Every structure is written in structure tokens, then in C-alpha cells.
Amino acid sequence: MLVPKARGELSEALFGALRERPSAWTAVFDADRRDREDVQIALWALYELHYRGFEDVDEDLEWHPDASRLRHELEADFELLLRSRQRRTPALEEPFDEALFALVADHDGPSVASFVQREASREQVLELLRYRSIYHLKESDPVAWVVPRLSPGPKAALMELQYDEYGCGDPNRLHAHLFARGMEASGLRTEYGAYIDDVPVEVLEQNNAMSLFGLNRRLRGAALGHLAAFEATSSMPSRRIAAGLTRLGLATEMVAYYEEHIEADAVHEQLAVRTICGSILAEEPALRDDVVFGVETCLDLEDRFASWLIEGWSHE
Amino acid sequence: MSEIGEFEHPDEIICPGGPLLIRGNHAVIDSDGIIHHTSRPVSAICRCGKSANLPWCDTTHKALPERLRP
């Protein structure tokens with residue numbers, strides 16, 4: 001993957017610095033940071049240095065002090081933004097696992113899956129798959145950062161889920177690979193990050209939130225809360241999307257990806273809520289608010305994406 | 001006495017209102033006598049009876065009124 005297209009003054013300056021390695025990053029730190037989309041693509045690229053990187057950026061820049069400093073500054077602003085969007089959630093009652101499932105169940109947001117099941121056109125579904133590919137081609141990677149930051153109980157619980165996500169040792173069953181096969185069979189590009197220039201700010205925020213939580217140890221509670229909400233809102237929507245793809249005659253490989261998630265995420269939601277969040281909160285009850293922050297962020301960012309997408313589609 | 005304790009790690013977990021989780025490899029016989037083999041580290045067996053993917057859970061229990069949940 002090459003460095004994405006710049007979306008404003010900050011990303012223009014940053015991507016230039018990443019490619020050309022100037023001695024000083026003055027232009028980057030002087031750049032205006034008021035454009036949300038510009039800031040999010042810059043942050044996404046900084047995170048990407050820690051995943052698979054860019055062909056036109058020296059790998060040595062992963063831990064460049066200026067890149068780290070900028071990432072830290074942008075992350076601080078982004079975390080404040082995410083926290084400012086949190087609803088006032090009443091304190092969750094015991095048992096925590098049932099309260100967490102109820103919090104997700106009571107959330108009523110616009111549903112991309114229902115739209116895909118009943119109304120979406122083939123072109124609209126292909127558009128959705130391009131947006132989802134930014135995450136699904138690195139599926140489960142952001143929360144993998146959390147593993148070495150956990151004590152034995154929650155670490156083993158998280159790995160029990162991650163092992164399944166990563167195909168139980170069989171690359172043919174690795175979820176990101178299943179999605180790539182579905183993309184190929186649907187006539188879409190399968191290279192990692194291929195559609196980054198097409199995605200709206202809502203998708204960048206969804207991806208950046210997962211990296212923010214995964215790459216900052218102090219936010220481990222939020223990372224696991226996000227995982228729980230993500231898994232708990234996946235199985236039934238996956239059935240709806242699989243039904244929509246079948247209705248439109250899309251590739252069976254892509255249908256298979258969603259069908260796998262009906263069954264897998266019926267397991268994963270129980271693990272994420274009960275054994276993963278359950279074990280970390282048993283050890284560190286003080287992380288309760290952070291777990292809820294992760295849950296709410298996941299639900300809120302999907303609402304924002306779904307609203308944007310369905311609003312746009314309804315005017316087509 | 002050792003300070004490194006042993007964790008609880010049951011082979012089966014009953015999820016209130018939801019499925020039964022089973023760890024490891026199992027063969028599950030459904031009501032028609034058909035054998036289904038588990039394929040993942042943990043599997044979720046439907047307990048509400050309404051799954052469209054029996055014997056596995058597909059989270060249909062969440063759409064049921066509380067009195068019909070297992």
C-alpha cells in the first residue's frame with residue numbers, strides 16, 4: 001500500500017515528511033488541525049506505520065520521535081472528542097455481564113444490516129464492502145495489541161477468542177483472509193488498505209478508535225469494552241447481511257464470510273462479555289468506566305457511519 | 001502456600017438466557033440423530049431451540065421475550 005491521498009493541510013505536510021524525510025518536521029507541526037477528516041487520515045497513517053506500513057515510507061520511521069509526538073498529540077484530541085460524545089450512562093448494575101448485554105440491546109441506532117437485507121442495491125453493497133474492507137482486511141489486529149498488556153486471566157480469555165479469529169492456526173480460516181476471498185470473488189480489490197482514499201471520516205474514526213484503544217495500555221479496558229460491543233452487535237446483523245447478499249446474487253465467498261460470523265460471533269459475544277471483560281473487571285474493577293467507554297464508542301461510531309451511509313443512499 | 005493460584009476454567013459455561021458454551025472438540029447429536037462436530041476452540045450450543053443454525057446458537061434468544069429465554 002502507498003501513502004493515502006492527503007485530505008488537508010496536516011496530512012499533506014505529514015505525508016510529505018513521511019516520504020521525503022526532512023530534517024525537521026516544522027511544516028507538520030505548524031499545520032492547521034481544525035479539519036476533522038484531515039486529522040483522521042493523518043492519524044490513520046501514523047497508526048498504519050505500526051501495522052503493515054507503506055511501500056513508499058521507510059520502515060525505520062515507525063518509531064520516529066516526531067511521528068510518535070504527532071500521534072500522541074492527535075490521539076489526545078481524538079480521545080477527548082470520543083469522550084465528549086459519550087451518553088450519560090447510569091452506573092451498570094450487577095451482574096456486570098447481563099448489564100453489558102442489556103446496554104447493547106437497549107441501544108437503538110440505524111442499521112446498515114437491515115438496509116442491506118431489504119433495500120440496498122448491488123452497487124450500494126459493493127460500496128459498503130469497500131468501506132468495511134479497511135477494518136476487515138486487518139480484522140482483530142487492533143485488539144491483538146492488548147494481549148501482552150494483560151495478566152494471565154484476561155490474557156488467556158482474549159486469546160481463546162483471538163485464536164478463532166485468526167483461523168485456529170489455519171490461514172484459510174483466518175477471518176481477514178475469508179473477507180479477502182469474498183472481495184476477490186466480488187470483483188473488488190483485495191490489497192490491504194486498497195480503498196482508503198474512498199472512505200468517509202466516519203470509517204476513519206471507527207478504525208482509529210480501535211487502534212487508539214489497542215495501542216495505549218491505559219485504555220485496555222476500553223479496548224475490551226469495544227470488542228464486547230462489536231461482537232455483541234455482529235451475529236444477527238451478519239445474518240441480515242448474508243440474506244441481503246444472497247438476495248442480490250453476490251459471490252458465495254462473501255456470503256460465506258458473513259455466515260461464518262453468525263456462528264462465530266454468537267460464541268465471541270459470550271466470551272467477550274463474560275470471560276474477557278468479566279475477568280479483567282474481576283481483577284481491576286476500576287476499569288469499569290473505561291469498559292463502558294469502549295462499548296459506547298463502538299456503538300456511537302457505528303451509528304455515525306450508518307446514519308451517513310443510509311442518508312446518502314436514500315438520496316440516490 | 002503458593003501465591004500463584006489456579007484459575008477456574010470450566011469445560012462448559014451456561015450463559016443465563018443464552019447458549020451453553022463448550023470448550024474443546026465434541027460431537028453433538030441433534031434431535032434428528034445427526035452428528036455435528038465442533039470446529040472452533042469454544043462452541044455455543046443453542047438452548048432456546050429457535051436457532052436457524054441448530055445445534056449452534058445464532059443469538060436468536062436475544063429476540064425472544066424474556067419468559068421464552070432459556
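How many Å separate the centres of domain 1 of chain A and domain 2 of chain A, taken over C-alpha atoms? The answer is 25 Å. Domain 1 covers 9-84 and domain 2 covers 96-314 of chain A, with bounds that come from an automatic or database domain assignment.

A quick word on ground rules. This is a predicted model, where local features need pLDDT of at least 70, side-chain atom pairs count only at pLDDT 80 or more, and totals for chains, interfaces and linings use all residues; side-chain values use heavy atoms, with hydrogens and water left out. Residues are numbered from 1 along each chain as its sequence is written, while chains are lettered from A and ligands numbered from 1 in the order in which they are written.

**Chain A as a whole**

Chain A has 15 helices and zero strands; helices (H or I, at least four residues) and strands (E, at least two) are DSSP runs, numbered from the N terminus. Its radius of gyration is 19 Å, close to the 20 Å that the globule rule gives for 316 residues, so chain A is as compact as a globular protein of that length. That radius is taken over C-alpha atoms, and the globule rule is 2.2 Å times the number of residues to the power 0.38. Along its principal axes, the C-alpha trace of chain A spans about 55 × 50 × 40 Å.

**Two interfaces**

| Interface | Buried area | Carbon and sulfur share | Salt bridges | Polar contacts |
|---|---|---|---|---|
| Domain 1 and domain 2 of chain A | about 2000 Å² | 61% | four salt bridges | nine residue pairs |
| Chain B and chain A | about 1900 Å² | 56% | six salt bridges | 10 residue pairs |

Buried area is the accessible area (1.4 Å probe) that two parts lose on being put together, summed over both. A salt bridge is a side-chain nitrogen of Lys or Arg within 4 Å of a carboxyl oxygen of Asp or Glu. A polar contact is a pair of N or O atoms within 3.5 Å; within protein, one must be able to donate a hydrogen and the other to accept it, and residues adjacent in sequence count only if both atoms are side-chain atoms.

A:Trp44, A:Tyr51 and A:Leu82 supply 33% of the area that domain 1 buries against domain 2, more than any other three residues. A:Glu79 forms a salt bridge with A:Arg218, with the closest N and O atoms 2.6 Å apart. On the domain 1 side, α3 (36-48) and α4 (65-84) of chain A each supply at least two residues, and α3(A) gives the largest share, eight residues.

Now for chain B. Here 24 residues of chain B are in contact (heavy atoms within 4.5 Å) with 24 residues of chain A. B:Arg40, B:Pro41 and B:Thr59 supply 30% of the area that chain B buries against chain A, more than any other three residues. B:Arg40 also meets A:Glu260 in a salt bridge (2.9 Å, N to O).

The peptide bond from A:Glu94 to A:Pro95 is cis, with omega near -5 degrees, and A:Pro95 sits in the loop between α4 and α5 (96-106) of chain A. Another cis bond runs from B:Leu54 to B:Pro55, with omega near 10 degrees; B:Pro55 is in the segment after β5 of chain B. A:Ser140, in the loop between α7 (122-136) and α8 (141-144) of chain A, has a positive phi near 75 degrees.
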